[in-house]
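Please read them with the coordinates open.

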Amino acid sequence: MARKSLFCVLFLIAAGCGDLQSKWGPKAAAPKDMAATELISREVIFGNPDQASPKISPDGTKLAFLAAVNDVLNVWVGPIDDPSSAEPVTQDTHRGIRRYTWAYDNDHILYSQDKNGDENWHVYATNVASKQTRDLTPIDGVQARIQQTSHDHPGEILLAINDRDPALHDIHRVNIASGERTLVQQNEGFASYLTDDNLNVRMAMKFTPAGGLEILRRANGDDSWTLFTSVPPSDALSTAPVGFDKSGKTLYMIDSRNRNTSALIAYDLENGDRRVLAVNDRADVSGVMQHPTDKRIEAVSFTYKRREWKILDDSIRKDLDYLKTVADGDVNVQSRSLDDKQWIVSYVMDDGPVRYYRYDRASRKARFLFTNRKALEDLPLAKMHSQIIEARDGQKLVSYCSLPVWSDPDRDGRPEKAMPMVLFVHGGPWARDNWGLNPYHQWLTNRGYVVLSVNFRGSTGLGKEFTNLANHEWAGTMHNDLMDAVDWAVQNKIADPKRIAIMGGSYGGYATLVGLTFTPDVFACGVDIVGPSNLITLMQNIPPYWRPIMPLLSSRVGDHKTEQGQALLKERSPLTHVAKIKRPLLIGQGANDPRVKQVESDQIVAAMKSKRIPVTYVLFPDEGHGFRRPENSKAFNAVTEGFLAKYLGGRYQPIGDDFKGSSIQVPAGVSGVPGLRAAM
C-alpha cells in the first residue's frame with residue numbers, strides 16, 4: 001500500500017549506519033591513497049542499470065524488470081522460472097521507462113511517460129504477448145495519473161485526467177484492452193481522491209485557505225459529500241487517508257494529530273472506532289506491508305537513520321526473520337503474487353548495488369536474481385555514515401556523510417586529514433535524505449571529496465514539529481541548519497573550510513543559490529540544478545494542476561498575493577541578492593520544466609552577466625525538472641566534474657565522448673569549465 005495521489009502531488013514539489021560485513025562476497029581492500037584508487041567512470045555510476053525493479057505477475061508465472069534496449073530503458077518479461085529468457089515488451093526509444101506496474105489481468109504492463117520532461121504524463125498499456133502498446137490517454141497537453149488498480153477488476157483501472165480543467169483531475173474508469181473510458185467522478189475543486197478495490201470513489205481531499213486539509217466522505221447513495229474530518233495546517237503534510245481493507249469498512253490513515261510523529265490508524269467506518277496500529281516516537285510511518293488480497297496490514301516501517309520494520313501480523317514473522325539472514329542491507333518486499341506464495345525482495349546497501357531475490361514462502365528459500373549494477377559489485381565503494389548534528393537551537397539533524405575510501409581506512413567516518421567537501425542538499429523541501437547506495441555520494445567521494453547530506457528542518461519523516469519549523473524559513477533557519485552542518489564538518493576536521501562546495505537540485509538548487517548569496521564567503525563554488533532564483537515568479541508560474549494545493553504552498557513558503565508575503569518572498573529570493581555572489585556558479589536547467597521554469601535560471605544568469613559575475617549555464621531543450629535521459633545526465637555530470645575539480649582540487653575524468661547523444665547547450669560561461677569549449 002502506498003500513499004495516494006495527495007501525497008504524490010506534494011512530494012513532487014518536490015536512515016544509524018553500521019559497517020556490515022557483506023554476505024555478497026569479499027569486497028576489494030580499501031586502497032592506500034587516491035592514486036591507487038580506480039577512477040570509476042560516470043557511465044558505471046550514472047548510466048542505465050543492467051536490470052532493475054523486478055516485479056512478479058499477479059498470477060506468479062512471469063517476471064518483469066527494467067533493462068535497456070539500444071541504451072533506452074524498457075520493460076522486459078520472462079517466465080518466473082527462467083528470467084534469463086526474458087524479452088523486451090515495450091518499445092520506448094527516447095526517454096526510457098522508469099516506473100511501471102503489472103495490470104491484474106496478467107496480460108498487460110502499465111506505465112506512464114511524458115514528452116521531454118513536460119510532466120504531461122500519458123498512461124500506456126503494453127500487451128506482453130503481442131508487444132503492442134496502447135496509449136490509454138491519447139490527449140495532448142493534459143496530465144494523467146494511475147488512480148487505482150484492483151485484482152477484483154483485472155481488466156479495468158481508474159485514471160485521474162485533467163482534460164476538462166487543467167487545474168483539476170477527473171476520475172475515469174478505463175478498459176485496459178480497448179482503451180474505452182467512462183467518467184465516474186467530475187472534480188469540483190478537490191486536490192485528490194481516495195478510491196477502493198471496487199473502483200468506487202470513496203473520499204476526497206481539499207485544502208483550506210489557511211493550508212489545513214478537509215477530508216470528505218461520499219454520502220451513501222448519491223454524489224454529495226460530508227465532512228469526515230478536518231486536519232489543521234500543522235498536520236497537513238503528515239496526515240491523510242491511504243487505503244481500505246478488503247471489506248471496505250476499515251479505513252487506514254497516516255495521522256499525526258495529537259502527536260508529533262505520524263501513526264498508522266485503522267478507522268471503523270461503521271461505528272467510528274479507531275485503533276493505533278503502529279507509531280514510533282522518532283519517525284513517521286515510512287512504509288507498510290499489506291496482504292495482496294485481504295489488505296490487512298502486516299508490518300509497518302519507520303525510518304529515522306535507517307529503515308526499521310514493526311511486525312503486526314505473526315504470519316510473516318518467520319519469513320522476515322529468514323530474509324534477514326539472506327543478505328545484508330535494508331530489506332524490502334517489493335512485489336508479491338496474489339496467492340502470496342512468492343515474493344520479490346530487494347536488499348539496499350550503502351557500498352554495493354541493490355540485490356534482488358525471488359523468495360518462495362513454502363520452502364522458505366530465496367533465490368538470487370541479479371544486482372542492478374554488476375560493475376559495482378567488486379569496487380571499493382564508500383560507506384555512508386549516519387550522523388546526528390546538533391543545530392544552533394538544539395534541533396537534531398539526521399545527516400549522512402561519505403568519505404573517499406582511501407581517506408578513512410578504519411571506516412570510522414573521520415578522515416585522516418580534512419578534505420574538500422560537497423554539501424549535497426536534497427530537493428522538496430518536503431522530502432528527506434536516506435541511507436543507502438547514493439550515486440552522487442559514490443561519484444564525488446571517488447573524485448576525492450567528502451559528501452555531506454543533511455535533513456534540515458522542513459524535511460519530512462522526522463515528525464511534524466521538525467517539518468513545521470521550516471514555515472516561512474526558506475533562506476532562514478533552513479539555511480542555518482546547513483551552515484551548522486558545515487561548521488560541524490570543519491570543527492571535526494572532516495572538511496577543509498577553504499574547499500567546500502554546495503550542490504543540489506530543485507530546493508537543493510535554491511539552497512545553492514542561497515548559499516552563494518546569503519553566505520557568500522562560506523563556499524568555494526556552487527552547482528544549482530533546476531533551482532528557483534525568485535520565489536515570487538516561482539509561485540506565480542506553478543503548473544495549473546498545482547492550484548488545489550496552493551494554500552499549502554502559501555502557508556509554508558509565503559503568499560505572493562499579499563503585500564507582506566511578497567516582501568518576504570522577495571527578501572528570501574537569491575535574485576534579490578545577486579550582487580553579493582563572489583564564487584563560481586554552475587547552473588543546469590531543463591527547458592521544459594513545469595515546476596521551476598526556465599525563467600528562474602535565465603533571470604539570475606542575466607543578472608550575473610549584467611554585473612560581470614562569472615557563471616556557467618547549461619541548458620537541455622529536451623528535459624524538465626531534472627535530467628532523465630542518461631545521455632543528458634552524463635553530460636551535465638561531466639561538466640560538473642570539471643567545474644568541481646577546478647575549484648575544489650579533486651580529480652576528474654575528461655569529458656571525452658560523454659556529450660554523445662545529449663542535447664546539451666551552454667548559453668553562458670563555456671570557458672568556465674576545463675575542456676568544455678573543446679567538447680562543445
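This is a predicted model: local features need pLDDT of at least 70, side-chain atom pairs count only at pLDDT 80 or more; totals for chains, interfaces and linings use all residues.

1. **Salt bridges overall.** There are 42 salt bridges in the structure. Some of them join up. One network links Asp294, Arg296, Glu298, Asp313, Asp319, Arg336, Asp340, Arg361 and Arg364. If you assign charges by hand, look at that group as a unit.

2. **Aspartate 313 and arginine 296.** Aspartate 313 sits in the loop between strand S23 (307-311) and helix H3 (317-323), and arginine 296 in the loop between strand S21 (285-290) and strand S22 (297-303), so the bridge ties together parts 17 residues apart in sequence. The two ends differ in class. Aspartate 313 is buried because its relative accessibility is 15%, under the 20% cut-off. Arginine 296, at 29%, is partly exposed.

3. **Glutamate 156 and arginine 173.** These side chains meet in a salt bridge at 3.0 Å, N to O. The pair links distant parts of the chain, 17 residues apart: glutamate 156 belongs to strand S10 (residues 156-165) and arginine 173 to strand S11 (residues 168-175). Glutamate 156 is partly exposed, with a relative accessible area of 24%. Arginine 173 is also partly exposed, at 22%.

4. **Arginine 447 and glutamate 641.** How far apart in sequence are the parts that this pair ties together? The salt bridge itself has its closest N and O atoms 3.0 Å apart. Arginine 447 lies in the loop between helix H4 (439-446) and strand S31 (450-454), while glutamate 641 is in helix H12 (residues 630-648), so the parts tied together are 194 residues apart in sequence. Both residues are buried.

5. **Helix H4.** Six of the eight residues of H4 are buried, so the rest of the structure largely encloses it. Those six are His441, Gln442, Trp443, Leu444, Thr445 and Asn446. Asparagine 438 caps the N-terminal end, with a side-chain oxygen 2.9 Å from the backbone nitrogen of tyrosine 440. Glycine 448 follows H4 and has a positive phi, near 115 degrees.

6. **Nonpolar cores.** The largest nonpolar core has 102 residues, and Leu264, Leu423 and Leu452 touch the most other members. Helix H6 (residues 477-491) gives the most to this core, with seven residues. A second, separate core has 38 residues, among them Leu444, Leu644, Ala645 and Ile664. Leu444 is also one of the buried residues of H4.

7. S19 (residues 263-268) is mostly covered, with five of its six residues buried. It pairs in the antiparallel sense with strand S18 (residues 250-255) over six bridges. It also pairs in the antiparallel sense with strand S20 (residues 274-278), over four bridges. Leucine 264 has a bridge partner in each direction: isoleucine 254 and alanine 278 in S20. S19 and S20 form a hairpin with five residues between them, and glycine 272 in the turn has a positive phi of about 80 degrees. Leaving aside neighbours within four places in sequence, the contacts of leucine 264 include Tyr252, Met253, Val285, Val288, Ile297 and Val300.

8. **Glutamine 589.** Is this residue buried or exposed? Glutamine 589 is buried, at 0% relative accessibility. It is found in strand S34 (residues 585-590). Its side chain reaches the backbone oxygen of valine 596 at 3.1 Å. Not counting residues up to four places away in sequence, glutamine 589 touches a set that includes Val530, Lys597, Ser601, Tyr617, Phe620 and Phe627.

9. **Leucine 376.** This residue lies in the loop between strand S27 (365-371) and strand S28 (384-390).

Note on methods:
Residues are numbered from 1 along each chain as its sequence is written. Side-chain values use heavy atoms; hydrogens and water are left out. A salt bridge is a side-chain nitrogen of Lys or Arg within 4 Å of a carboxyl oxygen of Asp or Glu. Helices (H or I, at least four residues) and strands (E, at least two) are DSSP runs, numbered from the N terminus. Buried means under 20% relative accessible area, exposed over 50%, partly exposed in between (1.4 Å probe, protein chains only). A nonpolar core is a set of buried Ala, Val, Leu, Ile, Met, Phe, Trp, Tyr and Cys residues joined through side-chain atoms within 4.5 Å. Contact means heavy atoms within 4.5 Å. A polar contact is a pair of N or O atoms within 3.5 Å; within protein, one must be able to donate a hydrogen and the other to accept it, and residues adjacent in sequence count only if both atoms are side-chain atoms. Two strands pair if DSSP finds at least two bridges between them.
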